Each structure stands twice: as C-alpha cells, then as structure tokens.
Amino acid sequence: MAMLKVENLEVYYGMIKAIKGVSFEVNEGEVIALIGANGAGKTTILHTITGLVGAKAGNIEFQGQNLLKTPAHKIVSMGMAHVPEGRRIFQELTVLENLKLGAYTRSSKSEIDETLQMIYSKFPRLEERKEQIAGTLSGGEQQMLAMGRALMSHPKIILMDEPSMGLSPLYVNEIFKIIEEISSLGTTVLLVEQNAKKALSIADRAYVLETGNIVLEGEAKELINDDSIKKAYLGE
C-alpha cells in the first residue's frame with residue numbers, strides 16, 4: 001500500500017480550477033519528484049496535502065488515513081513534515097530555537113536531543129551557528145535550517161518545496177546531497193522542484209505537472225532521457 005495516495009484531486013482558487021483531477025502515489029522509502037514550470041500547481045498540491053489549502057474534490061490518504069478530514073495541526077504528529085518554499089524560518093530566533101520548535105509534537109527530551117545531534121552531524125554549519133540569529137544566515141544556511149527543523153519532528157515523509165530556489169550552484173549541490181542522505185536514513189521524500197535535472201538525478205520516480213494536470217510519469221532515470229522533458233525542462 002502506498003504511504004501517500006492522492007486521487008482525483010481538484011483545487012480551486014475562487015473560480016479558477018488550479019488542480020484538475022491529479023492522482024499520484026508515494027511509496028515508503030521513495031524519493032518522488034514533482035516537476036513542472038512555475039505556476040503548474042506544484043506548491044498548491046503540497047499545501048493541499050498538508051491542510052493549508054482546501055480541496056474541492058478528490059481524496060488524500062496518508063498511511064490509510066484521510067488527510068482531507070484531518071486538521072492541519074494534527075498532520076505533523078502523524079509523521080509528515082513540510083519544508084515550505086522560501087524557507088519560512090523564524091528570522092528573529094536563534095538557530096537552536098528554530099530547531100527546537102520543529103520538535104513541538106514530541107515529548108521525550110532524550111529523543112529530541114538525539115535527533116538534534118543527528119541533525120548537527122548532517123548540518124555541521126547549524127551547530128557552529130546554533131546561537132546565531134536565524135535571519136542573519138545565508139540563503140543556503142537558512143535552507144539547511146528549514147530542512148533541519150522539519151527533521152526534528154522525526155517525520156516518516158518530508159515534503160520539500162523548491163529547496164534549491166535562489167541558491168548558488170555550490171549550495172544547490174550540497175542541498176541535494178543532503179536530500180539523498182535524508183532518504184538513505186529511511187525518510188520518504190516528496191520533492192517539488194523547478195530544477196528538473198537535479199530533481200530527476202536523485203529521484204526514484206517523477207510526475208510532470210502542467211497547468212494543474214499530470215501529463216507524464218515514470219522512472220526518473222527514464223524521464224531524464226525523454227526528449228520532450230529535455231526540451232521543456234532541461235534546456236537541451
């Protein structure tokens with residue numbers, strides 16, 4: 001059974017139908033890429049999964065539970081974390097305070113401390129800057145902090161929205177390497193990303209979204225060599 005199942009999802013913004021009957025699945029342990037041009041509806045899908053946007057029709061199930069009937073604040077405690085577009089860290093808090101806020105659904109101090117040490121091992125720069133005000137970090141460091149904060153909830157699945165946006169090529173490579181490491185630890189990843197080449201290079205499978213519709217799906221290693229994908233998204 002799929003860990004996350006989206007069926008015939010329809011989402012409207014006023015009279016505009018933004019998502020037009022989208023269906024896809026994410027299996028446990030996979031890295032799934034959702035790629036497409038800006039405005040295709042990728043972020044809207046993530047927001048609907050996490051309860052930030054309401055659906056007009058369709059169904060979303062996470063480990064057999066209906067998310068459309070689950071309050072947004074309860075979805076995190078079910079094992080789902082969301083790294084939003086634009087990082088959305090708490091700018092005026094320290095790095096450590098941001099990370100601890102990510103663990104608000106957990107009660108065991110020893111387990112929280114253990115997770116914090118794991119995050120520091122993956123993101124040594126966050127440990128170096130743990131007392132620094134988060135708003136003074138570079139864009140790449142803020143992205144690492146947003147990812148680390150999401151991991152503090154010990155999620156079964158992590159949804160990432162445009163993690164490479166606005167970053168230098170050096171930081172982009174580092175962020176994607178960390179996503180691979182997160183996956184290797186057993187966390188399932190649903191990745192929304194405009195950098196299609198990078199996304200397909202680390203994903204198991206991918207779905208291509210155009211104006212609210214999934215127009216193509218398949219193994220990432222096959223899609224990266226698909227002529228229509230190369231022309232539309234890879235600049236080849």
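In which sense do strand E1 and E2 pair, and over how many bridges? Select residues 4-13 for E1: its pairing with E2 is antiparallel and runs over eight bridges. Strands pair here if DSSP finds at least two bridges between them. Helices (H or I, at least four residues) and strands (E, at least two) are DSSP runs, numbered from the N terminus.

Before going on: this is a predicted model, where local features need pLDDT of at least 70, side-chain atom pairs count only at pLDDT 80 or more, and totals for chains, interfaces and linings use all residues. Residues are numbered from 1 along each chain as its sequence is written, and side-chain values use heavy atoms, with hydrogens and water left out.

**The sheet.** Show the four strands in the order E2-E1-E4-E5; they form an open sheet with antiparallel pairing. E2 (16-26) and E5 (65-66) are the edge strands, each with a single partner strand, so one side of each has no neighbour in the sheet. Now pick Val11; Ile19 in E2 stands opposite.

**The largest pocket.** Select Val76, His82, Pro84, Tyr104 and Arg149: of the 20 lining residues, these lie nearest the centre. A pocket is an open set of points on a 1 Å grid over the protein atoms alone, where a 1.4 Å probe fits, with protein on both sides within 12 Å along at least five of seven lines; lining residues have an atom within 4 Å of a point. The space is about 560 Å³. Helix H2 (72-75), strand E6 (80-83) and helix H6 (139-151) each supply at least two lining residues.

**The second largest pocket.** Its space is about 170 Å³. Select its lining, including Glu114, Met118, His154 and Ile182. Helix H4 (residues 109-122) gives the largest share, three residues.

**The rings.** Finish on the one aromatic pair in the structure. The ring centres of Phe24 and Tyr207 are 5.5 Å apart and their planes stand at 50°, so the pair is tilted. Rings of Phe, Tyr and Trp (its six-membered ring) pair if their centres lie within 6.5 Å; planes under 30 degrees apart count as stacked, over 60 as edge-to-face and the rest as tilted. Phe24 sits in strand E2 and Tyr207 in strand E9 (residues 205-210), 183 residues apart.

Technical notes
Points joined across faces, edges and corners; volume = space filled by probe spheres on them.
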